[in-house]
Amino acid sequence: RAAMAARRGALIALEGVDRAGKSTQGRRLVEALREAGHPADLLRFPDRTTEIGQLISSYLGREKNLEDHTIHLLFSANRWEHVPMMKEKLQQGITVVVDRYAFSGVAFTSAKGNFGLDWCKQPDVGLPKPDLILFLQLNPEAAAERGNFGQERYETSSFQEKVLQCFYCLMEDKSLNWKTVDASKSIEDLHREIKSIAKETMQEVQNKPLGELWK
Ligand code: ADP
Ligand code: 2DT
Ligand code: MG
């Protein structure tokens, strides 16, 4: 008698421009899923708490300069160090929501110029493939109304515009499940929309194997 395979959780990535609401919506989504009885956990990349994450944090805070290839590989390593735990959670039926993922990794490095998209993707090839990538779309004027840029590296409008163009390139990959949502809506309306898309995805993938990114 074959045992019924346990349902797995979904891997859901949140991407988008600065101040689009990724962190706000990530927290709200995990909270709402849990309340509805669906186990869910939130991860954010970079995770600044690990040793690698502390290096990344001091780079972003401009306390430390790191060569561009080096920091790219550290961001990727910061994802890989969480992979065993992510796979375990997904297998246990826990939905994992990630606030930024490999797409930010590729977009931010390739926005520097002198980096091929292929080189940027390579270190993240084989990561758990998101079942859904929610792209929170917000125009720069609306983002500006949510406050000024911070003082961290990359927080300038000219760089962010290049990052956005790189995101658009990545979205042309139809082997990935990108869904663009209008991030100019109220926190509550956007939350409802995201929750509904997330639940649909969780239902769809629960009996399907987890994929490998860019492989
Ligand atoms: P991100 O993680 O994408 O940079 P945050 O979730 O940190 O964005 O939100 C940036 C700022 O905008 C915060 O002050 C947050 O309260 C506010 N904010 C988030 N979502 C909305 C929204 N839908 N409408 C208005 N303000 C928002
Ligand atoms: P927040 O912590 O505010 O999201 O900013 N970044 C992120 C990269 O350059 N490469 C990556 O792989 C990732 C995940 C985006 C973190 C900053 O780090 C950038 C903004
Ligand atoms: Mg954030």
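Predicted model: local features only at pLDDT ≥ 70, side-chain atom pairs only at ≥ 80, totals over all residues.
A polar contact is taken here as a pair of N or O atoms within 3.5 Å. Lys22 places a polar side-chain atom 2.7 Å from an oxygen atom of ligand 1, whereas Ile187 contributes a backbone N or O atom, which lies 3.4 Å from a nitrogen atom of the ligand. The surroundings of ligand 1 also include Val17, Arg19, Ala20, Gly21, Ser23 and Thr24, together with Ala183, Lys185 and Ser186.

Arg19, one of the residues around ligand 1, is located in the loop between E1 and H1. The side chain of Arg19 forms a polar contact of 3.1 Å with that of Asp18 and reaches the backbone oxygen of Ala143 at 3.3 Å. When residues up to four places away in sequence are not counted, Arg19 touches Leu138, Ala143, Ala144, Arg146, Gly147, Asn148 and Phe149. The backbone of Arg19 has a positive phi of about 70°, although the residue is not a glycine. Most residues other than glycine have a negative phi, and most peptide bonds are trans.

A positive phi, of about 65°, is likewise found at Asn114, again not a glycine. Asn114 belongs to the loop between helix H5 (102-110) and helix H6 (117-121). With a relative accessible area of 81%, Asn114 counts as exposed, because the cut-off for this class is over 50%.

The peptide bond between Phe45 and Pro46 is cis, with omega about 0°. Pro46 is found in the loop that connects strand E2 (40-44) and helix H2 (51-60), and both Phe45 and Pro46 are among the residues that surround ligand 2. Others in this group include Arg44, Leu60, Phe75, Arg100, Ser104, Phe108 and Tyr154. Oxygen atoms of ligand 2 take part in several polar approaches. A polar side-chain atom of Arg79 lies 2.7 Å from one oxygen atom, and a polar side-chain atom of Arg48 lies 3.1 Å from an oxygen atom. At Gly105 the backbone is involved, with a polar atom 3.4 Å from an oxygen atom of ligand 2.

Strand E4 pairs with E1 and with E5. E1 and E4 run parallel and are joined by five bridges, with Ile12 opposite Leu132 in E4. The pairing of E4 with E5 is also parallel and also comprises five bridges; here Leu136 has Val181 in E5 as its bridge partner. Five of the six residues of E4 are buried, and the strand is mostly covered.

Helix H9 comprises 19 residues, 187-205. At 1.5 Å a residue the helix should span 27 Å, and its end C-alpha atoms are 27 Å apart, which agrees. The buried residues of H9 are Leu190, His191, Ile194, Ile197, Ala198, Thr201, Met202 and Val205. Viewed down the helix axis, these residues fall within an arc of 140° and therefore line one face of H9. The elements that cover them include strands E1 (11-16), E3 (95-99), E4 (132-137) and E5 (178-182), as well as helix H1 (22-35).

How values were computed
Residues numbered from 1 in each chain as written. Chains lettered and ligands numbered in written order. Heavy atoms only, no water. Helix = DSSP H or I, 4+ residues; strand = E, 2+ residues; numbered from the N terminus. Expected span 1.5 Å × (residues − 1). Buried < 20%, exposed > 50% of the residue type's maximum accessible area, 1.4 Å probe, protein only. Arc of directions from axis to C-beta. Contact = heavy atoms within 4.5 Å. Pairing = 2+ DSSP bridges. Near = heavy atom within 4 Å. Polar contact = N/O pair within 3.5 Å; in protein donor to acceptor, adjacent residues only side chain to side chain.
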